[in-house]
Amino acid sequence: MVECFRATSLRKFVLPSLVLAGVIGFGFFDSVPVFAQEAVEAAAEAVAEAPAEEAVEEADLGVGYALDNAILFFCAVLVLFMQAGFAMVEAGLNSAKNTVNILSKNVMDLAVGALLFFAIGFGLMYPDSYAEPSVAGNGYFGFGGTGIYETSDVERTFSPQVDWFFQAVFAATAATIVSGAVAGRMKFTAYLVYSALLTGLIYPIAGYWKWGGGWLAEMGFQDFAGSAVVHAVGGFAGLAGAIILGPRIGRFSADGKSVPLPGHNITFAALGVFILWVGWYGFNPGSQLAFQGTGDIDATVMIAVNTTLAAAAGALISTILSWGMFGKPDLTMSLNGALGGLVGITACCDAFTNGMSIVVGGVAGALVLLGVIMLDKAKIDDPVGAWPVHGLCGVWGCMALGILPNKHLASGDTSFVTQLIGTASYCVWAFGLMLALFVVLKAAGMLRVSPEEEQAGLDVSEHGMHAYPSDAIAGGAVSV
């Protein structure tokens, strides 16, 4: 029995320990800047050529630089706040007995993701920012270095620090999408392994293909703020996890009939969607990445309006369709319809007119309902609808640029074929690698909790605590 206990403990803690050790190791490695010597020599030459006061004046890049950086910082904070929205949506749409587990996963997505994106992710996603031609990417893969790049370019738009911050919260968002799809039955250790791999390797490499100047950028693939780069990657990774994990106990009857497992707090879910909606104004308008000029700020507010209209259309269409199909307006469908509209417009919020943005959002709202039905028919359990919202609507957002009239299609910057190749590449990349990872974890017995632990709830079995004091008083008996 002692040997069994030791083996189980080792298996539970060895992988998180390795992840933590790796992050700390990269942190020590990064404690000396990559180009510290060059920076020291440049500083010495500047001091020798001009008085200190003049050097300070030359380093001041002006009010426009300060404004761009301040707004981008604010947008990054809004995106970070989306973690709270994801946590509330996922907790509200799942059983009360798994609340602590869901909140823990959301915290770790941000914590592990930020450290790994600092250690290696940023260097993988933007290798050319590190200024060494020898480490520049080849279109498919590149690595610039650890930590945050340094620059003394007087024509730079952003501080490297705020540049990293904005990109890091995007990485955490991609990881968090999967949490809802695998809720209620995945071991916490397995989730940490997944989260580390996605934020440290899979997402940064995929991001490089488009936003880092990789092969999809050269091809002309368009994805303004991440319908595919962020949302489809997270959505299809979640789909892989849901397939390999299998459904929650009781989700489908013996004859294959779908049995709904209602969430324990729809108020949480609704408030979470409102938080996500607000956070999206950092996600989409923030991706304009320039705010001081008249044209830039006009584009920024247009993006914000398009984002609003698409979300509204998605909520309305999903409500109407679910009302017609089920006889009653389903609030959860309305909420996911709004999120679907937000995901759909993310790739194209800069390219469509206000009216066409309503079309994009409305189609996304319909796709959410279609996606939920498809998963039910396939006996795939996705408790929060992560794949319909992020995966399916993420695909639609990018493909809309190759189908509906917009400025990129009109100018020849992209095409239907280009959008299809790019979108499919992201789906296959995320789904294929995550499927392989989950298969390995399952074969090693590290993926899913036991039926007894699932019935008791992951809060108790994985974390040894209750989300609500009344549950502990009642002896931990929490209804599914």
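Guide: The lining of the largest cavity is made up of Phe86, Val89, Glu90, Ile177, Leu276, Asn336, Leu339, Val384, Gly385, Ala386, Val389 and His390. Two or more of these residues come from each of α4 (62-92), α12 (331-346) and α14 (386-400). Helices here are DSSP runs of H or I with at least four residues, strands are E runs of at least two, and both are numbered from the N terminus. A cavity is a set of points on a 1 Å grid over the protein atoms alone where a 1.4 Å probe fits but cannot get out, and a lining residue has an atom within 4 Å of such a point.

This is a predicted model, in which local features need pLDDT of at least 70 and side-chain atom pairs count only at pLDDT 80 or more, while totals for chains, interfaces and linings use all residues. Residues are numbered from 1 along each chain as its sequence is written, and side-chain values use heavy atoms, with hydrogens and water left out.

By residue class, the lining of the largest cavity has eight nonpolar, three polar and one charged. Nonpolar covers Ala, Val, Leu, Ile, Met, Phe, Trp, Tyr, Cys and Pro, charged covers Asp, Glu, Lys and Arg, and the others, including Gly, are polar. The volume of the largest cavity is about 100 Å³, and the whole structure has three cavities of 30 Å³ or more. Volume means the space filled by probe spheres set on the points, with grid points joined across faces, edges and corners.

Helix α14 leads on to the cysteines. Cysteine 393 counts as buried because its relative accessible area is 0%. Buried is under 20% relative accessible area, exposed is over 50%, and partly exposed is in between, with a 1.4 Å probe and protein chains only. Cysteine 398 is also buried, at 0%. Cysteine 398 forms no disulfide, and the nearest cysteine sulfur, in cysteine 348, lies 7.8 Å away. The search of the whole structure finds zero disulfides, a disulfide being a pair of cysteine sulfur atoms within 2.5 Å.

Lysine 379 has a positive phi near 60° without being a glycine, and is partly exposed at 35% relative accessibility.

Next, the nonpolar packing. The largest nonpolar core holds 109 residues, and Phe170, Tyr194, Tyr203, Tyr426 and Phe438 touch the most other members. Its largest share, 13 residues, is from helix α6 (residues 160-181). Such a core is a set of buried Ala, Val, Leu, Ile, Met, Phe, Trp, Tyr and Cys residues joined through side-chain atoms within 4.5 Å. Leaving out residues up to four places away in sequence, tyrosine 203 touches partners including Phe170, Trp211 and Val229; contact means heavy atoms within 4.5 Å.

Valine 229 belongs to helix α9 (residues 227-245) and counts as buried because its relative accessibility is 0%. Among the residues in contact with valine 229, beyond those within four places in sequence, are Tyr203, Lys210, Asp223 and Tyr426. Its C-alpha is 9.0 Å from that of alanine 347, 118 residues away along the chain.

For the protein chain as a whole, there are 19 helices and zero strands, and 53% of the 480 residues count as buried.

Technical notes: On a 1 Å grid over the protein atoms alone, a cavity is a set of points where a 1.4 Å probe fits but cannot get out, and a pocket is an open set with protein on both sides within 12 Å along at least five of seven lines; lining residues have an atom within 4 Å of a point.
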